[in-house]
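The sequence and structure are shown first.

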Amino acid sequence: MAHRTFGLPISRRYGVALLIIILALLSGCGANGTIDGDTPGTFNHYVVYPFSELIQHLADWFGGNYGISIIVMTLLVRIVLMPLMIRQQTGQMAMREKMKAMQPELAQLKEKYQSKKDPESARKQQQETMQLYAKYGVNPLAMGCLPLIIQLPILTGLYYAIRMTPELKEHSFLWFKLGATDPIMPLVAAAVYLVQSIIMQRMSGSSAESGPQKQLAGLVYLSPIMMGLFSFSAPAALPLYWAVGGVFMIGQSYLAHWLYARRKAKGNGIVPIADVKSANN
């Protein structure tokens, strides 16, 4: 049934699956070479190489400190992507409120057809469910993967630029060498992503104690575990990049939550269509 998808927003499911695929590909993609202006490949030439050049220029501005360069570059990319991501997050918040408002009628509809197993009843239930979606303005597919698709080549390009910039390999930052593995940075990156996952789950109002959320609670720990495992075999520059990006996303989540709450307080938030109709009656 379509309403079963409401256990976890569709975009969140796709996002988790996409993250797993990305991490698996990035960890096994053999990006162990170096990048320069002669490196073959359209993606390398137009995305990876420009990022690599920017990283080197930033490092020059900071006295040859490639660790600070990675941090600044990561923040710049995240700031550029932030309006798109905040728009997606606030849209998800609005959609979750509509879903929550719809749940009583959805439960009644399920109970109405619970004892009816014939094809005609199934068709009518599906039709009435779609009508209920339209009544509340709910479109699960509206929270799709477009923002993820847009940011994917950017973040992937930055990943490869960090991994393939030869000047990074011999430089140190804090206690670790950027081009070598480090036993601490993977734990830092995993901890940041764990905090981020928990915060996002709490902000979404998800409860791991009931329904499908209980079955999907393990997803909160999946990305931090995979992030940590991949980081142990990656140059320390990469978990540094992931940790900085994760900290930024935590702040971005709080900002999106604050902006949505402020918009609702001013009466500009997206409310269920049914509530609007009730208020006008």
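## Surface and burial

The accessible surface of the protein comes to about 14900 Å², and carbon and sulfur atoms account for 63% of that area. The model is a predicted one. Of its 281 residues, 43% count as buried.

## Secondary structure and contacts

Ten helices and two strands make up the secondary structure of the protein. Read from the N terminus, the order of elements is α-α-α-α-α-β-β-α-α-α-α-α.

Among contacts in the protein with a separation of 6 or more, 79% are between residues 24 or more positions apart.

In soluble globular proteins, nonpolar side chains tend to be buried together. Here the largest nonpolar core has 40 residues, and I70, L158, I162, L178, L240, Y241 and W242 have the most contacts inside it. At least two residues of this core come from each of α2 (42-61), α3 (66-112), α5, α6 (185-203) and α9. Helix α9 gives the largest share, eight residues.

L178 is one of the residues with the most contacts inside this core. Leaving aside neighbours within four places in sequence, L178 is in contact with Y66, G67, I70, L168, H171, S172, F173, P235, A236, A237 and L240. A second, separate core has eight residues, including M102, L106, L132 and Y133.

## Aromatic pairs

The structure holds four aromatic pairs. In one of them, the ring centres of Y159 and W242 lie 6.1 Å apart; their planes meet at 25 degrees, which is under 30 degrees, so the pair is stacked. This pair links distant parts of the chain, with Y159 in helix α5 (residues 146-164) and W242 in helix α9 (residues 237-265), 83 residues apart. Y159 has a relative accessible area of 2% and is buried. W242 counts as buried too, at 8% relative accessibility.

A further pair is formed by W175 and F176, with ring centres 5.1 Å apart. Because their planes stand at 75 degrees, over the 60 degrees required, this pair is edge-to-face. W175 is partly exposed, with a relative accessible area of 48%, whereas F176 counts as buried at 3%.

## Aromatic cluster

Which residues form one aromatic cluster with Y159? The cluster consists of Y159, Y160 and W242. W242 is also among the residues with the most contacts inside the largest nonpolar core.

Methods:
Residues numbered from 1 in each chain as written. Predicted model: local features only at pLDDT ≥ 70, side-chain atom pairs only at ≥ 80, totals over all residues. Heavy atoms only, no water. Phe/Tyr/Trp six-rings, centres within 6.5 Å; stacked < 30°, edge-to-face > 60°. Helix = DSSP H or I, 4+ residues; strand = E, 2+ residues; numbered from the N terminus. Buried < 20%, exposed > 50% of the residue type's maximum accessible area, 1.4 Å probe, protein only. Contact = heavy atoms within 4.5 Å. Areas by Shrake-Rupley, 256 points an atom, 1.4 Å probe, with all protein chains shown as cover. Core = buried A, V, L, I, M, F, W, Y, C linked by side-chain atoms within 4.5 Å.
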